[in-house]
Amino acid sequence: MLTQQIIRFHNNTRGAVAILWGLLLPVIVGLSALGVEVGLWYGQQRDYQTAADAAVLAAAYTVSEGGDSTDMATAAQEEAENNGFAVSGNNTLTISTPPSSGSYAGNSDYIEVSMTAPSSLMFASLFLDNDVEITVRAVAVVSASAGSGDACVLALNNSMEKSLLFSGNANMDMSGCVVASNSTDSNSIQISGSATVTAESLQTAGDYTTVGAASLTTTTDPTTGAAEVTDPYEDLEVPAYAGCDETEYKVKPNQNKTISPIDSSTPYVLCDGLDVKGTLTLDPGIYVIDGGTFNVNSTASLSGSDVTLILTSSSGSDHAKYTMNGGASIDLSAPSSGDYAGVLMYRDRDASDEDNTMNGNSSAVFNGALYFPSSTMKFAGNSDAGGSACTQLIADNVQITGSTSITSSGCEAAGATLATLSGSSSINLVE
């Protein structure tokens, strides 16, 4: 009997599952808890990666706007914190340019942001002695668009419609340089009528239109919505002067005259305009035209090397303006050194907006910058304005209705300060 009971007990399996479950339950609960904790780590890593991506893009945008390393670090930290990563305690954020690791290590065109943060242990503390450290990194690149280059025509007005206008039968050849407008208007640059424009590129803070039979040919794609181009002569000043060397100075038809300043730095002052109908040679120097009109008539011949012409007013009103009529012959070049290096003509920035015109069938060579920061510059008729060395046309707004050839070739050698375009920066997240 006893033997049979022992056998029955040995063969009885009732309750075995409960025993096994009791033995395995702590293990199952522990593994589940550990899985949840590991999932939390991955969730934190994903959130931190988002913060790192945002931080490196903020740093890249700062660089594209000309910020330094301090600005870049500030922008990156602010964006990281906006995305839930507090840079405090044991949490760290490091910016490296060039990156210290990865596919772009050592390449100074790239920016790397690395972030680390400890994650406190819960159930995992049964198996690990130290907190788990979560590390993320992101890499971005800042590259200039194809619109980079130097502008030989720049309209400075930042809001005007058609601040740069090509119309009528204008034939504008600017191969090798860029036409640019700082206006944010949707019609900032307009090419209309049967005008044709050939250039390295076109850049505007707004947008551009071609109307009718007009055409635009560029080597690289136009750039719209770009940052404003910095005025290269924004700090240029009118020189100090007193009195008049000449008043209502005129060169009559068939007359041949020469003006010679005392030296290259002492302005020669012509008050109440300058009227040229004959032949006038300007020796090297600075010429201030105080009030009135600088008028170059159809019969005129005007020449000079290493000269700067400044249109201004000692009274604060009636600032001198410039008019060139059809048939005039002009050959002028700016100095290559000194305060007005590369500047051929400057109309006082305090002057009111008036038209300054090259008109009719004018044949002219201007080597240097024609700078009218608060005024309208008009090219009308057929004007060979460019010459072969350097021409920059920079005005509040520019209107071209005739055939004109302009080049910025040789501007640096001529001492000019170039209107340099950075293009609209292209910023990409690459790692």
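Analyst: The torsion about the S-S bond of Cys152 and Cys177 is about 60°, so this disulfide is right-handed. Its sulfur atoms are 1.9 Å apart, and a disulfide here is a pair of cysteine sulfur atoms within 2.5 Å. Cys152 lies in strand 4 (residues 149-155) and Cys177 in strand 6 (residues 171-181), so the bond ties together parts 25 residues apart in sequence. Strands (E, at least two residues) are DSSP runs, numbered from the N terminus. Cys152 counts as buried because its relative accessibility is 0%, and Cys177 is buried too, at 1%. For those labels, buried means under 20% relative accessible area, exposed over 50%, and partly exposed in between, with a 1.4 Å probe and protein chains only.

A quick word on the basis: this is a predicted model, where local features need pLDDT of at least 70 and side-chain atom pairs count only at pLDDT 80 or more, while totals for chains, interfaces and linings use all residues. Residues are numbered from 1 along each chain as its sequence is written, and side-chain values use heavy atoms, with hydrogens and water left out.

Cys244 sits in the loop between strand 10 (215-218) and strand 11 (246-251), whereas Cys271 belongs to strand 13 (residues 268-276), 27 residues away. Cys244 is partly exposed, at 46% relative accessibility, but Cys271 is buried, at 6%.

Now for the packing. The largest nonpolar core has 56 residues, and Phe166, Phe294, Tyr322 and Phe366 touch the most other members. Strand 23 (residues 363-379) gives the most to this core, with six residues. By nonpolar core I mean a set of buried Ala, Val, Leu, Ile, Met, Phe, Trp, Tyr and Cys residues joined through side-chain atoms within 4.5 Å. Beyond its neighbours within four places in sequence, Phe294 is in contact (heavy atoms within 4.5 Å) with residues including Leu274, Ile289, Tyr322 and Met345. A second, separate core of 23 residues includes Ile286, Ile310, Cys390 and Leu418.

Gln190 counts as buried, with 12% relative accessibility. Leaving out neighbours within four places in sequence, the contacts of Gln190 include Phe166, Leu164 and Val211.

Methods. Helix = DSSP H or I, 4+ residues; strand = E, 2+ residues; numbered from the N terminus.
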